[in-house]
Amino acid sequence: AQDLELTIDFFARGLPTLVKPGDVMAVMMPCRVTSGVGDLICRGLKRIPVDAVPWGPLTSFAETKAMLQDKNVTSIVGMPAQVLALTRYLAITNAKTSLQSVLLSADNISPVMVRELKERGLQVYLHFGMTETGYGCAIDCDAHAGQHIREPDLLVEIVDPITGQPMPDGHWGEIVITTLTRRGMPLIRYRTGDYSRILPGTCPCGSTLRRLDN
């Protein structure tokens, strides 16, 4: 329960970057399982407070378009390919929505995807996380200069994928995670298989939290 609370708190503190009280966010992540990622996002949104629409992964373009219009959705959190496909459908059908921003997570995010979404007039935010990090790990800010790491709960290192030796800030390598507050499934130097680098210096937004490169 304490682990879940920390993840909900991370979402409640990180999501106000792209949503504000009174907004409506469609959660296009699995939402049916209690304490699954979609459910935890919805619980975090309620603390902002933002109205959450627990929609789940994309299964119908027409039904999802109707939901966006009926609920006056201003933001979406979802998997990159599904969000991109949905926005293409909205463009093809000349659909009028209140959509302003999207948060992409749970899969590879290519610069081409981000560019196309921005060309459609959307603010695009990125998130990196996995089950082993308690879902939340690092999230983009308005400066779009890297993803701020969840440092109170996680120690993130970048290591040489061959030797396992730590890499200096600014150098690319494998992301390694050590949990600092985890009670249910603590991990020490867990090798994720994902690659990035720690960006040196302070983010233009002013935060001193370390940042993973996008």
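Q: Let's start with two helices, then: is the crossing of α4 and α5 left-handed or right-handed?

A: The crossing of α4 and α5 is left-handed, and please keep in mind throughout that this is a predicted model. The two helices pack at an angle of about 35°, and their axes are 10 Å apart.

Q: Which residues in α4 and α5 meet there?

A: From α4 the residues are Pro80, Ala81, Val83, Leu84, Thr87 and Arg88, and they meet Met113, Glu116 and Leu117 in α5.

Q: Where do Arg210 and Glu151 lie?

A: Arg210 lies in the loop between β11 (198–199) and β12 (211–212), while Glu151 lies in the loop between β7 (147–149) and β8 (154–159), so the pair ties together parts that are 59 residues apart in sequence. Arg210 is partly exposed, with a relative accessible area of 25%, and Glu151 also counts as partly exposed, at 26% relative accessibility. Elsewhere, salt bridges that share partners join Arg88, Glu116 and Arg120 into one network.

Q: Changing topic to the inside: which residues of the largest nonpolar core touch the most other members?

A: That core has 24 residues, and those touching the most other members are Leu68, Val73, Ile76, Val102, Leu104 and Leu117. Two or more residues come from each of β1 (24–28), α3 (61–70), α4 (80–92), β4 (101–104), α5 (111–119) and β5 (123–128). Among these elements, α4 gives the most to the core, with 4 residues.

Q: What does Leu68 touch, if we pick that one?

A: Not counting residues up to four places away in sequence, Leu68 touches Ala26, Val73, Ile76, Leu86, Leu90 and Thr97. Apart from this core lies another, of 21 residues, which includes Leu18, Ile48, Leu103 and Ile139.

Q: Now α2: how many of its residues are buried?

A: Of the 10 residues in helix α2 (residues 37–46), 8 are buried, so the helix is largely enclosed by the rest of the structure. The buried ones are Val37, Gly38, Asp39, Leu40, Ile41, Cys42, Gly44 and Leu45, and they pack against α1 (2–14), β1, β2 (51–54) and β3 (75–78).

Q: How do α1 and α2 cross?

A: Their axes come within 8 Å and cross at roughly 60°, which makes α1 oblique to α2. The contact is made by Leu4, Thr7, Ile8, Phe11 and Ala12 of α1 together with Leu40, Ile41, Arg43 and Gly44 of α2. In this case α1 passes α2 in a right-handed crossing.

Q: What about the backbone, which residues are joined by a cis peptide bond?

A: The cis peptide bond joins Ile48 and Pro49, with omega about 0°, and Pro49 lies in the loop between α2 and β2.

Q: And what is phi for Ser35 and for Asn72?

A: Ser35 has a positive phi of about 70° although it is not a glycine, and Asn72, another residue other than glycine, has a positive phi near 55°. Most residues other than glycine have a negative phi, and most peptide bonds are trans. Ser35 is in the loop between β1 and α2 and is partly exposed, with a relative accessible area of 21%. Asn72 lies in the loop between α3 and β3, and at 46% relative accessibility Asn72 counts as partly exposed.

Definitions and conventions:
Residues are numbered from 1 along each chain as its sequence is written. This is a predicted model: local features need pLDDT of at least 70, side-chain atom pairs count only at pLDDT 80 or more; totals for chains, interfaces and linings use all residues. Side-chain values use heavy atoms; hydrogens and water are left out. A nonpolar core is a set of buried Ala, Val, Leu, Ile, Met, Phe, Trp, Tyr and Cys residues joined through side-chain atoms within 4.5 Å. Buried means under 20% relative accessible area, exposed over 50%, partly exposed in between (1.4 Å probe, protein chains only). Contact means heavy atoms within 4.5 Å. A salt bridge is a side-chain nitrogen of Lys or Arg within 4 Å of a carboxyl oxygen of Asp or Glu. Axes are lines fitted to C-alpha atoms, for helices over the stretch in contact, and angles run from 0 to 180 degrees between N-to-C directions. Angles under 35 degrees count as roughly parallel, over 145 as roughly antiparallel, 65 to 115 as roughly perpendicular and the rest as oblique. A crossing is left-handed if the near helix is turned anticlockwise from the far one by less than a right angle, and right-handed if clockwise.
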